[in-house]
Amino acid sequence: MRTRPFALLSALAGLTLFLLLALAPGAGARATGISDAAEALKQGPVYVDPGARSQLSEADQKALAQKIENADKPVFIAVLPEGSQFPADSVLRNLRTATGITGLYGIRLGDGFDAGADRSVMPANAVQNIVSGVKAPGVDAATQLDNFVDQALPTVRGTAPSSWSSGSEGGGASTGSLIAIGTVLVAGGAGAYALVRRGRRRKAEEERDALEKLRVVVDEDITAYGEELDRLDFHPSERGADDAMRADYERALDSYEDAKSAMASAEHPHDVRGVTEALEEGRYSLAVLSARREGAPLPERRAPCFFDPRHGPSMTDMTWTPSGGSPREVPVCAADAARLQDGEDPLGRTVETESGRRPYWEAGPAYGPWAGGYYGGGLLPGLLAGTLLGSALSTPAYAAEYGGGDFGGGDVSGGDFSSSDFGGSGFGGDWGGGGGFDGGGGF
């Protein structure tokens with residue numbers, strides 16, 4: 001009688017293990033298709049087809065999935081073999097259709113790679129920039145997918161689908177958390193508290209240093225904007241001035257005061273983002289006022305010139321290749337567009353670094369909040385992929401230490417089931433012959 005409970009527990013444990021193995025993504029060796037990949041991605045962020053197992057090891061798959069789950073972002077990765085069941089011209093859209101969840105989808109198809117996203121999750125140009133940044137001849141799947149996820153996570157908006165939390169690993173995670181908490185308590189609360197205090201002091205010192213670096217750059221920006229206001233020579237009572245012009249001028253002045261006030265009260269690096277957002281708003285107001293005074297069409301609301309936001313709103317997008325990086329589309333002002341067309345270097349904004357003055361995109365992570373206020377979540381870090389600042393933006397440590405990892409903002413539906421017809425998801429346009437997906441440009 002004493003052995004009966006033990007035998008029952010053993011049987012239950014064996015059955016549980018069998019079910020876990022049977023239901024695990026990628027279990028079995030049968031041929032699969034889009035529907036199998038979609039069902040697996042509803043339960044977890046990474047799917048490796050049995051026919052592509054040589055591309056990505058189980059350990060690499062688990063590490064990649066853990067990274068995405070820890071970030072709580074709607075990023076879906078599929079590693080698939082080439083073949084008729086996964087046609088290159090439609091596999092990405094077909095997978096998104098079958099999954100029915102808004103998000104960013106990256107597919108390694110054979111040796112090729114491409115990605116696409118719902119517009120509420122990531123703009124098409126940001127997807128294209130990241131894809132071009134991770135494509136390289138001969139790169140293995142593990143490296144490519146890891147780089148893609150690292151660069152995408154800080155930019156992706158929305159949260160992971162709730163269906164992931166109902167997977168087979170849910171109970172294990174809870175048990176592991178309880179064990180970890182118990183271990184900390186047994187080890188001694190006093191020691192843990194001392195470690196936390198030291199960590200907080202270190203973080204505070206790093207934030208102070210980063211803020212001082214930013215203060216120099218932001219003060220230059222505020223001064224430059226004030227000089228623009230002085231040169232404007234606009235008087236609300238001047239001949240020809242109307243209410244619209246006066247409103248533009250008032251917004252420009254308010255932006256100047258907002259920027260100064262925000263910088264004066266800044267205590268953390270991420271506070272600087274509000275300063276540069278105010279300056280960007282002010283420069284657009286000045287551009288609108290200038291157009292009204294000249295009787296010209298009002299300018300389109302565009303991001304500032306990528307090379308130096310003090311140049312004002314951009315006029316167009318042009319292809320640019322950073323040193324050691326890959327080509328990408330960046331917003332540029334008219335003057336820098338002319339320089340690029342003539343084969344000359346643009347007038348890039350430089351900042352002080354340990355090796356002297358360098359373009360801001362070759363500087364460290366402290367300049368992320370400054371850039372984020374000007375260019376927002378849709379453009380960063382896609383614009384900066386492959387640069388030193390872009391690499392810093394793509395790391396979890398950046399968000400933790402400098403408070404600027406989430407450039408998304410606003411309410412989005414990433415991770416929601418949106419049905420397969422994309423009615424409210426924002427899918428559209430032409431992608432790689434696949435008929436309407438915002439993708440990176442083909443395998």
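User: Which residues line the largest cavity?

Analyst: This is a predicted model, where local features need pLDDT of at least 70, side-chain atom pairs count only at pLDDT 80 or more, and totals for chains, interfaces and linings use all residues. Residues are numbered from 1 along each chain as its sequence is written, and side-chain values use heavy atoms, without hydrogens or water. A cavity here is a set of points on a 1 Å grid over the protein atoms alone where a 1.4 Å probe fits but cannot get out, and a lining residue has an atom within 4 Å of a point. The largest cavity is lined by L279, E280, R283, R302, P304, P309, G312, P313 and Y374.

User: Which helix gives the largest share of that lining?

Analyst: Helices are DSSP runs of H or I with at least four residues, strands are E runs of at least two, and both are numbered from the N terminus. By class, the lining has five nonpolar, one polar and three charged residues. Three lining residues come from the top contributor, helix 10 (residues 272-294).

User: What is the volume of the largest cavity?

Analyst: The structure holds one cavity of 30 Å³ or more. Volume is the space filled by probe spheres set on the grid points, which are joined across faces, edges and corners. For the largest cavity, that comes to about 40 Å³.

User: Is D221 buried or exposed?

Analyst: D221 sits in helix 8 (residues 189-232). Contact means heavy atoms within 4.5 Å, and D221 touches L279, R283, R310, R349, W370 and Y374, leaving out residues up to four places away in sequence. Buried means under 20% relative accessible area and exposed over 50%, with partly exposed in between (1.4 Å probe, protein chains only). D221 has 0% relative accessibility, so it counts as buried.

User: Which residues of helix 2 are buried?

Analyst: Helix 2 spans residues 34-43. Its buried residues are covered by elements including strand 1 (46-48), strand 2 (75-80) and helix 4 (91-99). Those buried residues are I34, A37, A38, A40, L41 and K42.

Notes:
On a 1 Å grid over the protein atoms alone, a cavity is a set of points where a 1.4 Å probe fits but cannot get out, and a pocket is an open set with protein on both sides within 12 Å along at least five of seven lines; lining residues have an atom within 4 Å of a point. Ala, Val, Leu, Ile, Met, Phe, Trp, Tyr, Cys and Pro count as nonpolar, Asp, Glu, Lys and Arg as charged, and the others, Gly among them, as polar.
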